[in-house]
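Please look over the sequence and the model together before reading on.

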Amino acid sequence: MRDLLPVLRLLGALMVMFGLSMGLPLAVSWFLRDGMWLVWLWSLGGTVLAGALLWACMERYRRELQPRHGVILVTLVWVFLPLCASVPLQLAYAELGRSLSFTHAYFEAVSGLTTTGATVLSGLDALPVSLNIWRTFLQWLGGMGILILAVAILPLLGVGGSQLFRAEAAGPVKDTKLTPRITGTAKGLWGVYAVFSISCALAFWLAGMTPLDAVMHMFTTVSLGGLSSHDASLGFYNSPVIEGITLVFMLMASCNFALYFVALRKGHWRGFWQDPEMRATLGVLLGSGLLVALLLWVKGVYGPVDALRYGVFNTISVATTTGFATADYLTWPVFAPVFMLFLSGVATSAGSTGGGIKMVRMMILVKQARLELTRLVHPRAVQPVLLGRSVVDHRMIFSVLAFMLVYGGTIIVLSMLLMLSDLDPITAFSAVVASVHCTGPGLGSIGPSSTYAVLNDFQVWVCTLGMLLGRLEILSFLALLTPSFWRR
């Protein structure tokens, strides 16, 4: 229990930082006079005050962070910050004279921060602008990681920043330092993220979006989140130019941001193009998009031009765990939507803003399987698993195998829970997969033309748990449940 005290101190600091981020929707509400500025003022003040009190009460427990502290803090952040984020949603709906349950408000907040993009809300076009700004801004904050941002901008985390960075970073490779100090690494990654964000917003604006729409859709594109300020998602614009811009930035954000940082810092891109995971990621995304486009053309769903446009965009959108939709792909041949959903588990790189298993894990698994097949024929052969020219350590292989076992078990258990609540198998399985992969739209009743509001409260909570487990990459959360974790 004593391990919780220094962690709660840092949680208080993060709550203060998170509360201050509500200044953006507050400023938008005040400037546009959408009637919600008091909601944001109370929410900002309450969150900052609660965080400051927690910080002050735990100030005497300042100590250097250990690896276990990082695991505890990252779990607490992704469980409790959505509570703060859900408060203005409920207050705003009450101000509008409409009801939004705590279950739905928390689900929406978790979906935003985990960059899932699932929603229980409808009538988005008529919502106050500041509410849509907040929903999309949550995705931008969660895209690169709140704790990585904290390591970058809060000096108080300098001593134990490496523990937080390793706990927050996605993928099996968590110890790579791009600069001598971990704070420099965090600043570099967020710097690249900021450059992408500014470029994306300007591109959307020049393509015809209003300035606010450009900013909101930038938030959800570079974070691979997929929430929109319109019920019709990007289909609202029916613009090939906007879809093309979105496609480019989704592809860029699906690659490891560390590669961009190193390439920009050293002034050459040779290492970027030689990275095996990056090449596999882009190859799978583009190849799968063309495959679905070809299927749509051959099956007569669209002509060749429309098949290429809708097939490539929607496939890459789902595969990168973004979830933007420009067509109801559940009306396509059944292979397409199922294939797209499974792609969402593997088609993004570690160190990107995407969810899922990550491409590097699948590459390690495939290479290990190929090695085992070779050993059946040549039992005495000694061949290491290689990623590019680097030998993969056996501990990483075992970690990937353990992750895949737990991942498969999580999908099965959560799917069975949904089916136990009388949800049909297709909707149940796809809801769990879409939640754990942080993708958003699924199959059956929760397709791109529907929302998660069709689920009952129990089913929504199961999907909420799935999103949290997916963002925490499952093992971090489950480690807290083991007796050995708490044993000194």
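M404 is found in helix α18, which covers residues 394–420; helices here are DSSP runs of H or I with at least four residues, numbered from the N terminus. This is a predicted model, in which local features need pLDDT of at least 70 and side-chain atom pairs count only at pLDDT 80 or more, while totals for chains, interfaces and linings use all residues. Residues are numbered from 1 along each chain as its sequence is written, and side-chain values use heavy atoms, with hydrogens and water left out.

Leaving aside residues up to four places away in sequence, M404 touches I357, M362 and L365, where contact means heavy atoms within 4.5 Å. L365 is 39 residues from M404 along the chain, and the C-alpha atoms of the two are separated by 9.2 Å.

Two packed helices are described by the angle between their axes and the distance between the axes. Helix α15 (residues 304–319) and helix α16 (residues 335–343) cross at roughly 35 degrees, and their axes come within 7 Å; the axes are lines fitted to C-alpha atoms over the stretch in contact, with angles from 0 to 180 degrees between N-to-C directions. The crossing of α15 past α16 is right-handed, that is, the near helix is turned clockwise from the far one by less than a right angle. On the α15 side the contact is made by N314, T315, V318 and A319, and on the α16 side by M340, L341 and L343.

Helix α19 (residues 425–436) and helix α20 (residues 457–471) pack at an angle of about 35 degrees, with 7 Å between their axes, and α19 passes α20 in a right-handed crossing. Here A431, S435 and V436 of α19 meet C463, G466, M467 and G470 of α20.

Side chains of opposite charge can pair when their charged atoms come close. The structure holds four salt bridges, each a side-chain nitrogen of Lys or Arg within 4 Å of a carboxyl oxygen of Asp or Glu. One of them joins the side chains of R135 and E108, at 3.1 Å from N to O. Because R135 lies in helix α6 (residues 129–144) and E108 in helix α5 (residues 102–113), the pair ties together parts that are 27 residues apart in sequence.

Note on methods
Helix = DSSP H or I, 4+ residues; strand = E, 2+ residues; numbered from the N terminus.
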